[in-house]
Amino acid sequence: MENSQTSIENTTDENKDFVIYPNPVKSNFYIKGTAVQEVNIFSLTGSLIKKAPVTSNSVNVSDLLPGTYLIRIKTDNGFVNKQIVKE
């Protein structure tokens, strides 16, 4: 695991336009929004847990332990931050 920290300084106003479902998630979550380029998953302490490939706006998190995670979605217009609960 790589130690990295995230901040909210480059977050766009698109946050309200993005939906992550289902949440809580068991194995895959889906992102409803536009132009998703990359998804990074962080612990609540800001450590980078996973750089997740996005396939058809779906992200596989079956390898994550149960808990709460921060999701940073890179779009054409900046970053969107969300939170998921992994069951």
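Let's start with a single residue. Tyr-30 is found in strand 2. Keep in mind that this is a predicted model. Is Tyr-30 buried, exposed or partly exposed? It is partly exposed, at a relative accessible area of 35%. Together with Val-19 and Tyr-21, Tyr-30 forms a nonpolar patch on the surface. The accessible area of the three together is about 270 Å².

Strand 2 covers residues 28-32 and runs antiparallel to strand 5, with three bridges joining them.

A quick reminder on pairing. Strands of a sheet pair through backbone hydrogen bonds, either parallel or antiparallel.

Next, the loop between strand 1 and strand 2. Val-25 is found there. Buried or exposed? Val-25 is buried, with a relative accessible area of 0%. Which residues does Val-25 touch, leaving out those up to four places away in sequence? They are Val-61, Ile-84, Val-85, Lys-86 and Glu-87. Take Val-85 from that list. Val-25 and Val-85 are 60 residues apart along the chain, yet their C-alpha atoms are separated by 6.2 Å.

On to strand 3, residues 36-42. Strand 3 is mostly covered, with five of its seven residues buried. Let's take its partners in turn. Strand 3 runs antiparallel to strand 6, residues 67-75, and six bridges join the two. Ile-41 has Ile-71 as its bridge partner in strand 6. Phe-42 stands opposite Leu-70, also in strand 6. Strand 4, residues 48-52, is joined to strand 3 by four bridges, again antiparallel. On that side, Ile-41 stands opposite Lys-50. So much for the pairs; now the turn. The hairpin of strand 3 and strand 4 has five residues between the strands. Within that hairpin, Gly-46 takes a positive phi near 95 degrees.

Strand 6 also pairs with strand 7, residues 78-86. That pairing is antiparallel and runs over nine bridges. How many residues lie between strand 6 and strand 7 in their hairpin? Two. Thr-75 has Gly-78 in strand 7 as its bridge partner.

Last topic: charge. Side chains of opposite charge can pair when their charged atoms come close. How many salt bridges does the structure hold? One. Asp-63 forms it with Lys-50, and their closest N and O atoms are 2.9 Å apart. Asp-63 lies in the loop between strand 5 and strand 6, and Lys-50 in strand 4, so the pair ties together parts that are 13 residues apart in sequence. Now compare the two ends. Asp-63 is exposed, at 53% relative accessible area. Lys-50 counts as buried, at 17% relative accessibility. The cut-off for buried is under 20%, so Lys-50 falls on that side.

Lys-50 stands opposite Ile-41, and Lys-50 forms the salt bridge with Asp-63. That's it from me.

Note on methods. Residues numbered from 1 in each chain as written. Predicted model: local features only at pLDDT ≥ 70, side-chain atom pairs only at ≥ 80, totals over all residues. Heavy atoms only, no water. Pairing = 2+ DSSP bridges. Patch = residues over 30% accessible without salt bridge, like charges linked within 9 Å, V, L, I, M, F, W, Y side chains within 5 Å. Areas by Shrake-Rupley, 256 points an atom, 1.4 Å probe, with all protein chains shown as cover. Salt bridge = Lys/Arg side-chain N within 4 Å of Asp/Glu carboxyl O. Buried < 20%, exposed > 50% of the residue type's maximum accessible area, 1.4 Å probe, protein only. Contact = heavy atoms within 4.5 Å.
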